[in-house]
Amino acid sequence: MCLGIPGKVIEIYQANDMKMGKVDFGGVIKETCLEFLPDIQVGDYTIIHVGFGISQLDEEEAQRTLEMLREMEMLADELPELDGGLQT
Amino acid sequence: MKYLDEYRDGELTKKVLVEIEKTVTRPWKIMEVCGGQTHSIIKSGLDQLLPPEIDLVHGPGCPVCVTPLELIDKAIALASQPDIIFTSYGDMLRVPGSERDLFSVKAAGGDVRIVYSPLDALKIAQDNPEKTVVFFGIGFETTAPANAMAVMQAKNQGIENFAMLVSHVTVPPAITALLESPDVQVNGFLAAGHVCTVMGYWEYEQLVEKYKVPVVVMGFEPVDIARALLMCVKQLEEGRAEVENAYARSVNPDGNQPAQDIINQVFKHTDRAWRGIGVIPKSGYQLQDAYAQYDAELRFPEIQTIAPQEPSVCISGLVLQGLKKPNECTAFGVQCTPENPLGATMVSSEGACAAYYQYGRYAISLEEDKITR
Ligand code: SF4
């Protein structure tokens with residue numbers, strides 16, 4: 001229930017006085033209530049829970065995090081016994 | 001997929017793990033609060049790649065698992081009534097009540113329907129005016145705005161044959177209860193990223209101040225988890241206790257204001273029992289008086305009188321407080337499996353017992369000789 005995954009807003013419309021939208025999760029399209037995301041627009045990414053968008057993902061913050069981590073000095077193969085351990 | 005693949009990058013995760021290994025000098029017990037995160041950690045095997053000093057314990061943040069037995073029994077009583085259509089998130093159907101589960105009510109001919117969103121339950125109510133549709137409103141702050149919206153829409157659209165069996169719980173009071181408990185010795189907390197997406201993380205500032213424990217807001221992918229752990233370990237090693245945000249692409253300090261507004265309009269705080277743990281003061285939501293007509297417990301007062309019994313072998317209460325790991329339970333994988341669960345932590349994919357079972361963390365001995373360094 002709490003494993004919201006990110007999807008891209010591809011359409012926005014009104015229904016029953018609520019901001020609704022279609023959100024694309026890697027090809028699976030879900031109808032979603034976007035009432036809690038007044039600023040979200042087509043092309044933005046959101047995380048949905050039980051049919052409601054709760055978050056508008058922040059591209060700049062996302063890039064900043066990844067860059068910071070990638071810049072960390074050490075090399076992964078310093079610890080070879082970790083190889084192949086990640087099952088994701 | 002964007003915002004997903006880059007956070008599942010094994011190389012990047014390993015880099016962060018190496019940094020954790022370099023940083024840690026002493027044993028630390030760190031709790032991830034959210035069941036979704038427990039699932040990610042066990043699925044990715046991250047728990048087995050951490051340096052031995054770090055003991056990751058699993059927290060109470062599985063909404064299905066902590067829904068009290070009393071409310072499961074009430075749900076079963078409602079679902080058994082012929083003029084009620086009972087709607088619920090799918091996970092709840094297999095959760096054992098005192099005598100049976102919702103699934104067996106459905107098998108016996110009860111009208112129990114799985115919905116993906118509370119708005120689907122509302123639609124069912126509109127389509128079936130001769131029946132009352134009861135929705136099982138469970139979850140943490142992540143589902144509260146959605147469930148609040150369904151109740152508000154019912155009122156605005158005049159849909160009177162809709163009611164909600166409310167069993168909402170909130171995270172900060174549960175963390176406080178764990179910190180107050182003399183048995184629980186957790187050095188740092190990894191806060192639930194999506195709860196904080198809705199609520200922000202200002203509520204944790206006081207907690208950190210009072211109990212001097214680091215709290216790091218964490219996402220759900222391996223890179224996010226490793227990074228949050230690194231931030232938490234750094235704080236612990238440096239003797240700091242602060243609230244830090246390791247999930248800034250989704251979480252800001254104040255959270256989602258429109259979502260909080262609707263929670264506050266529709267719900268008010270109440271004391272709530274957590275399954276296996278007991279009553280935690282002001283740890284749940286119930287409907288505001290203005291929405292009392294949608295409260296299933298008030299509309300069907302006959303369900304009030306149930307006094308439930310837990311199976312004695314199940315230690316899920318200890319599992320939910322991080323005091324025991326699932327594979328320390330004698331029933332784990334023997335009498336208790338996902339097909340035949342004794343406790344709710346074996347039912348939900350967010351339950352620690354189910355995650356341990358699904359990803360093969362069978363025996364404690366296996367845990368001990370997994371990585372020899
Ligand atoms: S393995 Fe089953 S019986 Fe044991 S704590 Fe988990 S849910 Fe309860």
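In what order do the five strands of the open sheet in chain B run? Hi everyone, let's start there. The order is β2-β1-β7-β8-β9, with parallel pairing; strands count as paired if DSSP finds at least two bridges between them. Strands here are DSSP runs of E with at least two residues, helices are runs of H or I with at least four, and both are numbered from the N terminus. At the edges sit β2 (54-61) and β9 (243-245) of chain B, each pairing on one side only. From one strand to the next, the twist averages 25°.

A word on the model. It is predicted, so local features need pLDDT of at least 70 and side-chain atom pairs pLDDT 80 or more, while totals for chains, interfaces and linings use all residues. Residues are numbered from 1 along each chain as written, chains are lettered from A and ligands numbered from 1 in written order, and side-chain values use heavy atoms, without hydrogens and water.

Back to chain B: β7 (188-192) and β8 (215-218) are joined by four bridges, one of them pairing Ala191(B) with Val217(B).

Now the ligand. Its shell holds nine nonpolar residues, three polar and no charged. Among the residues around the ligand are Cys314(B), Cys329(B), Cys336(B) and Cys353(B), as well as Phe332(B) and Met346(B); being near takes a heavy atom within 4 Å.

Finally, chain A: one helix and five strands, in the pattern β-β-β-β-β-α. Of its 88 residues, 45% count as buried, meaning under 20% relative accessible area with a 1.4 Å probe, protein chains only.

Terms used
Ala, Val, Leu, Ile, Met, Phe, Trp, Tyr, Cys and Pro count as nonpolar, Asp, Glu, Lys and Arg as charged, and the others, Gly among them, as polar. Buried means under 20% relative accessible area, exposed over 50%, partly exposed in between (1.4 Å probe, protein chains only). Axes are lines fitted to C-alpha atoms, for helices over the stretch in contact, and angles run from 0 to 180 degrees between N-to-C directions.
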